[in-house]
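Look over the sequence and the model below. The paragraphs that follow go through a ring contact, a sheet and some aromatic pairs.

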Amino acid sequence: MPAIPNNVPEPSRTDPALLRNFCIIAHIDHGKSTLADRMLQLTGVVDQRQMRAQYLDRMDIERERGITIKSQAVRLPWAPTEGPDQGSTHILNMIDTPGHVDFTYEVSRSLAACEGTVLLVDAAQGIEAQTLANLYLAMENDLKIVPVLNKIDLPAAQPEKFSEELANLIGCDPEDVLKVSAKTGMGVEALLDKVVAEIPAPVGVADAPARAMIFDSVYDSYRGVVTYVRVVDGQLNKRERIRMMSTGATHELLEIGVSSPEMTPADGIGVGEVGYIITGVKDVRQSKVGDTITSLHNGATEALGGYKDPKPMVFSGLYPLDGSEYPDLREALDKLQLNDAALVYEPETSAALGFGFRVGFLGLLHLDVIRERLEREFGLDLIATAPNVVYRVIMEDGTEHTVTNPSEFPEGKIDEVFEPVVRATVLAPSEFIGSIMELCQNRRGVLLGMDYLSEDRVEIRYTLPLAEIVFDFFDHLKSKTRGYASLDYEPTGEQSAQLVKVDILLHGDKVDAFSAVTHKDAAYAYGVRLVAKLRELIPRQAFEVPIQAAIGSRVIARETIRAIRKDVLAKCYGGDISRKRKLLEKQKEGKKRMKMVGSVEVPQEAFIAVLSSDDSGGGKAKK
Ligand SMILES: Nc1nc2c(ncn2[C@@H]2O[C@H](COP(=O)(O)OP(=O)(O)OP(=O)(O)O)[C@@H](O)[C@H]2O)c(=O)[nH]1
């Protein structure tokens with residue numbers, strides 16, 4: 001049994017030489033949260049009775065999906081069982097980071113709060129795209145890297161092969177790669193010892209003006225915003241007034257403390273420490289990740305580097321299925337925004353879908369999580385329009401438009417259109433190189449390079465338009481590689497492209513919800529597909545209804561719904577009047593669910609079917 005130390009120092013008086021601030025980075029599902037659980041147990045901060053799986057993942061969605069969305073920081077006392085530091089109580093501040101691409105910014109802030117990182121790799125899977133992305137981020141932050149293979153209890157584990165792969169990647173000896181099982185706890189003590197031995201203690205100036213970096217901010221309905229900080233210089237004390245350096249806003253520190261792992265108040269937190277503060281602000285946007293906090297009196301003049309506003313990359317229109325739920329949707333979005341500085345929205349109206357909101361997200365997982373929370377936590381039924389990226393349109397007269405909704409794409413004399421691009425990294429077994437390249441090429445990708453990680457695994461790098469990967473790229477990638485490929489991407493700017501807006505017209509009226517911005521070469525296929533689908537879904541009307549796809553005034557595809565009045569009584573032979581009435585009543589009910597688009601009645605189901613079908617690239621977000 002490990003020695004559970006009892007002489008744990010106060011957060012305001014810990015000798016920085018005894019501190020180790022580290023995080024765990026890994027590809028999704030490689031076992032970060034499970035490893036964190038074991039560390040909580042071994043260091044004795046959570047006792048056996050209270051232990052539950054994924055202790056630190058507190059949101060329902062996090063538990064159900066088994067993913068970490070918000071970072072958490074925990075203070076763990078540990079006296080190494082071996083080595084020169086044996087028996088002396090150290091404080092390990094462990095920061096559990098989110099693993100998904102959409103939340104890269106949070107990962108990078110968490111990394112900036114640490115001196116070292118445990119790089120965790122599944123011993124049955126090997127290095128994946130996000131292992132690399134996170135590793136590169138850690139290297140940029142000059143962190144000490146402790147390589148670890150997890151899940152060595154699995155029969156499919158290949159510890160020899162993957163420790164070699166990992167060692168090649170970071171330039172160490174395969175012997176130095178620790179092998180653990182987060183599930184059984186095997187090797188986790190040795191890992192904690194290694195964290196103490198190898199990760200450097202923080203260096204900061206204890207008597208300098210206080211400077212602390214915010215690496216996470218969460219909204220708690222009882223206490224307001226709880227902000228997680230890493231003190232770099234000086235000390236923050238209870239009841240003092242502090243200043244946010246990016247905005248100049250001042251607040252009083254109502255409470256300050258550490259998580260161990262429940263929030264434990266303290267008198268203050270000292271140089272090098274990680275903890276939380278509560279100031280009574282009600283909205284995470286007032287306490288932004290990446291910002292620097294200093295004391296109001298005799299404060300620092302220079303902020304710590306690294307602050308950046310989260311920028312939405314993907315937009316989608318969200319509409320309540322039942323128009324009367326619009327105020328509820330607004331209220332729900334307001335509530336979610338308290339806890340999510342990256343969520344932006346503004347009201348929008350659509351002729352086809354009624355009142356709703358145009359909502360900006362960091363990426364598709366973010367969109368999916370928000371939508372699911374709206375539906376589940378707030379009981380709303382929603383229609384989401386196809387996600388789109390942000391375009392910058394320059395007109396011939398020099399005016400510039402930022403387009404977040406395809407139906408607002410300007411008409412007239414356009415000089416140039418810019419779209420966001422990303423640098424995508426795909427990792428896969430080398431047998432799939434051909435299919436991966438074909439897919440990327442079809443999506444207007446430009447090959448940047450390719451490297452073999454080992455004999456049979458390859459890393460392929462492409463520049464791709466973000467619009468080409470936000471819809472179904474990952475699904476296609478998975479199916480072409482039998483599930484073996486992993487993908488990571490980061491925004492790298494924008495490029496000029498031949499983009500056009502395709503409108504869909506019903507009986508001559510534009511249906512705004514179906515407008516899309518596509519590459520010129522893909523416009524025809526999009527038009528034909530949508531027009532054919534709508535013809536299937538829209539019932540015949542009393543008059544003939546043309547369905548057209550058009551670029552500007554040029555029609556590129558057309559179908560026609562023939563005129564007919566649906567005679568619901570046709571099959572009702574004989575003269576039972578009550579049965580006839582019932583059928584007519586039913587028809588009337590059905591009509592209520594119709595939406596009028598110009599002069600055409602469209603069943604709401606048709607909108608949902610078109611927007612949520614896979615091949616129109618809309619509706620349900622993919623990960
Ligand atoms: N057999 C075995 N399974 C493990 C081990 N560690 C984790 N797992 C399982 O792997 C799955 C993913 O583990 P998590 O801890 O949720 O992974 P994660 O990296 O935190 O995932 P995200 O939070 O989504 O990034 C779970 O089903 C765990 O039970 C291990 O050492 N051995």
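Which residue lies over the face of phenylalanine 418? Arginine 392 does, at 4.6 Å from the ring centre; a charge counts as over a ring if NZ of Lys or CZ of Arg is within 6 Å of the ring centre and within 35 degrees of the ring normal.

The model is predicted: local features need pLDDT of at least 70 and side-chain atom pairs pLDDT 80 or more, while totals for chains, interfaces and linings use all residues. Residues are numbered from 1 along each chain as its sequence is written, and side-chain values use heavy atoms, without hydrogens and water.

An open, antiparallel sheet has 4 strands in the order β18-β19-β17-β20. Strands are DSSP runs of E, at least two residues, numbered from the N terminus, and two of them pair if DSSP finds at least two bridges between them. β18 (344-350) and β20 (382-384) each have a single partner strand, so one side of each lacks a neighbour in the sheet. Between β18 and β19 (residues 354-361) there are 7 bridges, and threonine 349 stands opposite phenylalanine 355 in β19.

The whole structure holds 6 aromatic pairs, meaning rings of Phe, Tyr and Trp (its six-membered ring) with centres within 6.5 Å; planes under 30 degrees apart are stacked, over 60 edge-to-face, the rest tilted. Tyrosine 345 and phenylalanine 357 are edge-to-face, because their planes stand at 90°, with centres 5.8 Å apart. This pair joins strand β18 to strand β19, 12 residues apart. Ring pairs also link Tyr326, Tyr345, Phe355 and Phe357 into a cluster.
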